[in-house]
Amino acid sequence: MRVNKAFARARRDTRRGVNRITATESPERHWKPKRSGGDDPAAHLTIEQIEEMGRELDAIRQRVMDSRGSADAAYIRRVIATQRALDMGGRLVLMVGSRTKVGFVLGTGALAVAKILENMEIGHNILHGQWDWMRDPRIHSSTWEWDHPSTAEGWKHSHNDLHHTYTNVIGRDNDLGFGIARVDPDQPWKPWMVWQPLFNAVNAVTFEYSIALYDLELGRYAGKPLAAWKPAVPGLLGVGKKVAQQVAKDYVVTPALSGPNWKSTLAATWTANLTRNLWSNAVILCGHFPEGVQTFSRASTVGETRGEWYLRQMLGSANISGSPLMHIMTGNLSHQIEHHCFPDLPSNRYAEISVEMRDVFDRYGFAYVSGPLPVQLASAWGKIFRYALPNGAWGQLRRDPVGSVATGAQWAVRQLLGGSRKKAARKSALRKRALRGSAAGKAAGAGA
């Protein structure tokens, strides 16, 4: 496979936004329009202004880095202790009283909150290295293994190395739709995408397992012979082990310890996992896909400077407004803009940083995309429905629903008939090939 050296170098240099303008580089904006065109969202700024903005954000980051201390360490230890108490308490309540309405609700609620905290505020942020500075081997990105089907190493590669490097870069950021949704007009449309609202509903229900499979990047091996799947085996075994452990804990051990309450405990545990999956999926959609979030061409990352990297994180993310409890329950990903600019800073500091970030957005002329969770979620799902159809088809459907449905039905019939013809032609070709092979074999035998 041919390697684009310039792009590979840009990938290495832009990881975590490490680029700088050098004296030999042309001080021009490294922005290239997408296929659909569109204006440069930072056209009103010079490259010097963008780099000055980057230096301001560097200063914010450094100030927080220098001020980390005992209060921050106490925060994460307190959250971990709370999560473990909720997890254990919820399971105990379910074991002894899941058949009562009060016991079912209390146990399920406590377990669901514990699972959300563990995945969002604890696991996600520890694996980003936000707490490595504490030098506590129990709370360190190199040793932490979370309560999730994805292995820590696999997730760190797909999320930290790829998604945070290529945030919203079409063709590079696999998180832009997670491979099952088209959420931007520049993503190519394929016929199966008409079903993407259904696929995304299923994805929300099974989110933890969907993410585990997504992290394995199995699409690379699709259609290849079995021998080509060898590199995927370690990842599959790792995920399989994690899934077995989780299933055993949630659906075997806990119900078994409940004795006669095992059925209600099983139902309560499943409900807690479902709640965690739906919540996590909603938070992720709200942070990446609402209206106002920008996407970028692949070419724009080549030669990307530090300021431009910051700019892409700022424009490619969206926040969720809400209370301090909302922020904790989202893993502080309600501050997605701040998280994407500073993924390695302690999550409990994002609210403090957000005040300064709003000021930066205002002074440099950018829209700080933020809103309540229901509004952001509706906006994200609006894109999932709109881009399930070819570009422009959604508008046509709204203007002429009857005609559009009729045209779509005709297209679907043609696709089905065309597919049937292709299958028949393929079978016929295989049959002729087999007959030719058989005839050749008989001729060779007669000659012998």
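Analyst: Happy to! A contact here means heavy atoms within 4.5 Å. With that rule, and not counting residues up to four places away in sequence, Val64 touches Leu345, Arg349, Glu352 and Ile353. This is a predicted model, where local features need pLDDT of at least 70 and side-chain atom pairs count only at pLDDT 80 or more, while totals for chains, interfaces and linings use all residues. Residues are numbered from 1 along each chain as its sequence is written, and side-chain values use heavy atoms, with hydrogens and water left out.

Val64 sits in helix α2, residues 47–67; helices are DSSP runs of H or I with at least four residues, numbered from the N terminus. Its relative accessible area is 0%, so Val64 is buried (buried means under 20% relative accessible area, exposed over 50%, partly exposed in between, with a 1.4 Å probe and protein chains only). Leu345 is 281 residues away from Val64 in sequence, yet their C-alpha atoms are 7.4 Å apart in space.

Glu352, one of the residues touched by Val64, also forms a salt bridge with Arg63, the closest N and O atoms being 3.1 Å apart. This pair links distant parts of the chain, with Glu352 in helix α13 (residues 350–364) and Arg63 in helix α2, 289 residues apart. A salt bridge is a side-chain nitrogen of Lys or Arg within 4 Å of a carboxyl oxygen of Asp or Glu. Both partners are partly exposed: Glu352 at 34% relative accessibility, Arg63 at 35%.

By this rule the count comes to 25 salt bridges. In another of them, Lys115 pairs with Asp147, with closest N and O atoms 3.7 Å apart. Lys115 lies in helix α4 (residues 101–127) and Asp147 in the loop between α4 and α5 (152–163), so the pair ties together parts that are 32 residues apart in sequence. Here Lys115 is buried at 1%, and Asp147 is buried at 14%. The two also belong to a network of salt bridges that links Asp87, Arg91, Lys115, Asp147, Lys249 and Asp250.

One more pair for you: Glu208 and Arg276 form a salt bridge with closest N and O atoms 2.9 Å apart. Glu208 is in helix α7 (residues 207–215) and Arg276 in helix α9 (residues 262–288), 68 residues apart. Glu208 and Arg276 are both buried.

How values were computed:
Helix = DSSP H or I, 4+ residues; strand = E, 2+ residues; numbered from the N terminus.
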